[in-house]
Amino acid sequence: MDNLGLIWSMKDFEFEFQQSLEEGRNPDQVQNEFSLFKHCHRTMGPEFHADFDHLLDRIQKIPQSDSFEFHEPSQLEEILEARPSQTQAEEYEFEGEFLFNRIYGAWLGRCVGCLLGKPVEGWKFGEIQQLLCSSGKTVIDDYLWTLDLDIPGVSGCNNGSLLKFRGGVDSMPEDDDINYTVAALGLIEKYGLEFSSKDVARYWLDNLAILQTFTAERVAYRNFVNKVEPPFSAKFRNPYREWVGAQIRGDLFGYICPGRPEKAASLAWRDASISHVKNGIYSEMWVAGMLAKAFVTNDVTEVIEAGLEQIPEQSRLSNKIRQVLQWWRDGLDYKNGVGQIHARWDDYNLHHWCHALSNAQVVTLALLWSEGNFEQAITMAVYPGFDTDCNGATVGSISGLMNGRNQLPEKWISILNDTANIGLNGFRKVKISDLAKRTVKIVQNKAMMQLKI
């Protein structure tokens, strides 16, 4: 398995330990075994990895505590039953010009938000603040590579990530956040609207290289190669099964279901379930549902609530998003909201800053406090740290769709020159407007209106 790009480390077990605790298991019964394993100083060869696999298998078989307060199924039928009551579905008619303006805005917004967060991905919140402070700023108001790189007293900053953008860009650089959105477009163009989870796996194997995947996606890819099929590919030896990876893959499903959050979430489930479980799945369904709703309302709270209607009411994700909604309703200001998130999640802990729950709170915060303003939305998504390019992309996509291409500031989008670099077979250097046109074509397919959940 080493030659497939995934080598276990002690960190992976620590992530599994934290993940199991959050799922309501008590992994203490394997703690002693893990400690002995950690300190035996064996060469990390085949024997090491075989024993490590065995240990991962054991911890995932530990039963959930009876006192666990959440209900978090992973199968679609059970998710549908666990949702809150649904808003009465409405039928909408959309003109082609309206669709293109909104969908093009979403594609551009996704690229812009990703590009804004990309240079500081992996930075700690304090490091981002120090970067701003060194340039006499207290908020983000432009692409971050324009700022001063001389940051006294901050040794942890990954200045190299800023340096590679120092001369600016003339198109969207390749990034997994954009690759997956394009992959969903290619998937539907190839397999149609009735695609299955196995079709998603096949599409990845045919068009995406394993080293272009990370965390849960890389584990799932490895599982596909070893004939572990969906949905078991999502949970088999996968410590990252509730990380943010699926959340960044749901946008296209929202784009092609305007005004129909339930259908968007159903499509997103087919994608998410190949690599994630529980809240990892829900985060993608939530994003897809929000984007579908964003076609038909300018009220950000309605958009967020429409996404929440697609996921189990008694889930940790719903709980964490509703916490942020409550801060908003209580009149908490933005920076205190950021403080509340950092009080719960430790951004020095990779599990925390890559988890679906922490990043969903950042997304919710940025959407609410920006109140529909695109620039505020993307900058508020990146400022708190955590998975900066992912959150910038998701918030940029939603805000870009709500505003439409015609309302997006040239300051942010002109630098892209309507061009994105994509790491997929069949897509390399593409026009973003062409991606939008191809997306509109799917929406206008009459079969879309007949799509069953």
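Which residues are buried in H10? In this predicted model, in which residues are numbered from 1 along each chain as its sequence is written, local features need pLDDT of at least 70 and side-chain atom pairs count only at pLDDT 80 or more. Totals for chains, interfaces and linings use all residues, and side-chain values use heavy atoms, with hydrogens and water left out.

In H10, the buried residues are Ala-216, Glu-217, Arg-218, Val-219, Ala-220, Tyr-221, Arg-222, Asn-223 and Phe-224, where buried means under 20% relative accessible area, exposed over 50% and partly exposed in between (1.4 Å probe, protein chains only). Helices (H or I, at least four residues) and strands (E, at least two) are DSSP runs numbered from the N terminus. Because 9 of the 11 residues of H10 (residues 215–225) are buried, this helix is largely enclosed by the rest of the structure. Its buried residues pack against helix H8 (176–191), helix H9 (197–207) and helix H11 (232–235), contact being defined as heavy atoms within 4.5 Å.

Arg-237 lies in the loop between H11 and helix H12 (251–255). Arg-237 is buried, with a relative accessible area of 14%. Its side chain forms polar contacts with the side chains of Asp-53, at 3.3 Å, and Asp-57, at 2.8 Å. A polar contact is a pair of N or O atoms within 3.5 Å; within protein, one must be able to donate a hydrogen and the other to accept it, and residues adjacent in sequence count only if both atoms are side-chain atoms.

In helix H17 (residues 334–344), the buried positions are Tyr-334, Gly-337, Val-338, Ile-341 and His-342. These cover an arc of only 140° around the axis and therefore lie on the same side of H17, the arc being that of the directions from the helix axis to the C-beta atoms. The buried residues of H17 pack against helix H6 (125–134), helix H16 (316–329), helix H19 (356–370) and helix H20 (374–382). At the start of H17, a side-chain oxygen of Asp-333 comes to within 3.3 Å of the backbone nitrogen of Lys-335.

The largest nonpolar core has 134 residues, of which Trp-107, Trp-286 and Ile-304 touch the most other members. A nonpolar core is a set of buried Ala, Val, Leu, Ile, Met, Phe, Trp, Tyr and Cys residues joined through side-chain atoms within 4.5 Å. Helix H5 (residues 96–117) provides the largest share of this core, 11 residues. Neighbours within four places in sequence aside, Ile-304 contacts Trp-286, Met-290, Ile-321, Leu-325, Thr-364, Leu-367 and Leu-368. A second, separate core of 12 residues includes Phe-13, Phe-34, Ile-59 and Ile-62.

A search of the whole structure finds 0 disulfides, a disulfide being a pair of cysteine sulfur atoms within 2.5 Å. For Cys-111, the nearest cysteine sulfur is that of Cys-114, 7.4 Å away. The sulfur of Cys-390 is 7.3 Å from its closest cysteine sulfur, in Cys-114, too far for a bond. Cys-111 is buried, with a relative accessible area of 1%, and Cys-390 is buried at 5%.

Overall, the protein contains 24 helices and 2 strands. Buried residues make up 62% of its 453 residues, and its C-alpha trace spans about 65 × 55 × 45 Å along the principal axes.
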